[in-house]
Amino acid sequence: MSIRMRILNRILRLTVRRRLERGEFSEAMIRASRARLNRMGARLARRKAGQVEYLERALGGVPTIWTLPKLARDPLTQEDSETPVVLYCHGGGYLVGSPGAWRGITANLAAASHAAIAAIDYALAPERPYPAAHQDALAAYRALLDAGVEPARIAIGGDSAGGNLALATLHNIRAARLPMPSGAVLLSPWLDLTSGSPSIQTLADHEAMLPPGRLSEAASHYAGDAPLASAEISPLFGDQHGLPPLTLHVGAHEVLRDDSRRLREQIDTAGGEIDYHEWPHAPHVFPAFADVIPEGAAAMRQIGGWLQTRFAAATTDEASG
């Protein structure tokens, strides 16, 4: 563990975790958290302005912020563009977060993958609980296909609750009999909203960011009347057959670790492909800290390289098929 990551873990424990442990997810707390995250995202956007280009353009009626790497050709407006697209679902427990707040991670992902990152502003609870987020994500994916972006040039990604939405969207794409994207990126995904993974308890004292008790509260806000153990709410209980290759990065000492381990086992059993990485002592969604810790930068490079390889392989397979 690097010294920087040791310091980051301590800071997160004293700030993010302590803040989440106080009180309940009230309307005022949610509103304040959303505003704070948006301010942070705006500051990061200013720092990244010379490295990427940000565009605001809806997909299927869903507000979306596009992050294009330098010199990339716009995949929707330039007919000869071969720029791939990552449809990205931000984290935030289905309660907070936005594409604007996640500008830092999307900028780094765009630079690492040479892809356009389309971060969708999907519906959040408690105002719009399940299935609104599912509907938004599937509508955005359909819009990419309708715009002529080939499935081989599309990947889906997400972190934490966004990882849940990304996996659920793959299930919904399969159910709708739409062509699958070339792959998916999952960062510390929250996949079992029943909090049934053993690490929720066994790693509670090691976790730097997420108080385990707050997970069930966020889950109930999001699920509404739907059972937490349903495959729609907790895609870990769904069928993992027929999914495209996945890459997954998770901290070995975070409370959601076993959600990832269980998914890896399911993908292996289903005969799928998963590029799986556990990083010792890394905090929740640590690639988001690529500008701060060397482990985050290394993970982002790996993810970017994996995406480039997937886009190349999928395009070749599509051409030969």
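# Close-up views of a predicted model

Figure 1. At 7% relative accessibility, Val285 counts as buried, because buried means under 20% relative accessible area. The structure shown here and in the other views is a predicted model. Val285 belongs to the loop that runs between β8 and α9 (294-320). Its phi is positive, about 50°, although Val285 is not a glycine. As background, most residues other than glycine have a negative phi, and most peptide bonds are trans.

**Figure 2. Ser195 in the loop between β6 and α6.** The loop between β6 and α6 (199-202) holds Ser195. Ser195 is not a glycine, yet it has a positive phi of about 60°. Is Ser195 buried, partly exposed or exposed? With a relative accessibility of 22%, Ser195 counts as partly exposed.

Figure 3. The bond that joins Tyr130 to Pro131 is a cis peptide bond, and its omega is about 10°.

Figure 4. An open sheet is formed by 8 strands, arranged in the order β1-β2-β4-β3-β5-β6-β7-β8. The pairing within this sheet is mixed. In general, strands of a sheet pair through backbone hydrogen bonds, either parallel or antiparallel. Which strands form the edges? They are β1 (52-56) and β8 (274-279), each of which pairs on one side only. From one strand to the next, the twist averages 15°. Helix α4 packs on the sheet and touches β2 (64-69), β3 (85-89), β4 (116-120) and β5 (154-159). The direction of α4 makes about 170° with that of β3.

Figure 5. Of the 5 residues of β3, 5 are buried, so the strand is largely enclosed by the rest of the structure. In a regular strand the side chains alternate between the two faces of the sheet. On one side of β3 are Val85, Leu87 and Cys89, and on the other are Val86 and Tyr88; these residues are all buried, and both faces of the strand are covered. Strands β3 and β4 run parallel and are joined by 4 bridges. Within β4, Ala116 is the bridge partner of Val85.

**Figure 6. The pairing of β6 with β7.** Strand β6 (residues 183-187) pairs with strand β7 (residues 246-251) in the parallel sense, over 4 bridges. What is the bridge partner of Leu186 in β7? The partner of Leu186 is Leu248.

**Figure 7. The crossing of helices α4 and α5.** Two packed helices are described by the angle between their axes and the distance between the axes. The axes of α4 (residues 132-146) and α5 (residues 161-175) come within 10 Å and cross at roughly 65°. This crossing of α4 and α5 is right-handed. On the α4 side, the contact is made by Ala133, His134, Ala137, Leu138 and Tyr141. On the α5 side, Leu165, Ala168, Thr169, Asn172 and Ile173 take part. By class, the residues of the contact of α4 with α5 are 7 nonpolar, 3 polar and no charged.

**Figure 8. The packing of helices α2 and α3.** Helix α2 (residues 27-48) packs with helix α3 (residues 103-113) at an angle of about 30°, and their axes are 8 Å apart. The two helices, α2 and α3, are therefore roughly parallel to each other, because angles under 35 degrees count as roughly parallel. Gly41, Leu44, Ala45 and Lys48 of α2 form the contact with Arg103, Gly104, Ala107 and Asn108 of α3. The contact of α2 with α3 has 3 nonpolar, 3 polar and 2 charged residues.

Figure 9. Ser2 is located in the segment before α1 (3-21). At 17% relative accessibility, Ser2 counts as buried. Apart from its neighbours within four places in sequence, Ser2 is in contact with Pro294 and Glu295. Arg10 has its place in helix α1 and, at 60% relative accessibility, counts as exposed. Between Arg10 and Met209 there are 9.6 Å in space, C-alpha to C-alpha, although the two are 199 residues apart in sequence.

Methods: Residues numbered from 1 in each chain as written. Predicted model: local features only at pLDDT ≥ 70, side-chain atom pairs only at ≥ 80, totals over all residues. Heavy atoms only, no water. Axes fitted to C-alpha atoms, helices over the stretch in contact; angles between N-to-C directions. Left-handed = near helix turned anticlockwise from the far one by under 90°. Contact = heavy atoms within 4.5 Å. Nonpolar A, V, L, I, M, F, W, Y, C, P; charged D, E, K, R; others polar. Buried < 20%, exposed > 50% of the residue type's maximum accessible area, 1.4 Å probe, protein only. Parallel < 35°, antiparallel > 145°, perpendicular 65-115°, else oblique. Pairing = 2+ DSSP bridges.
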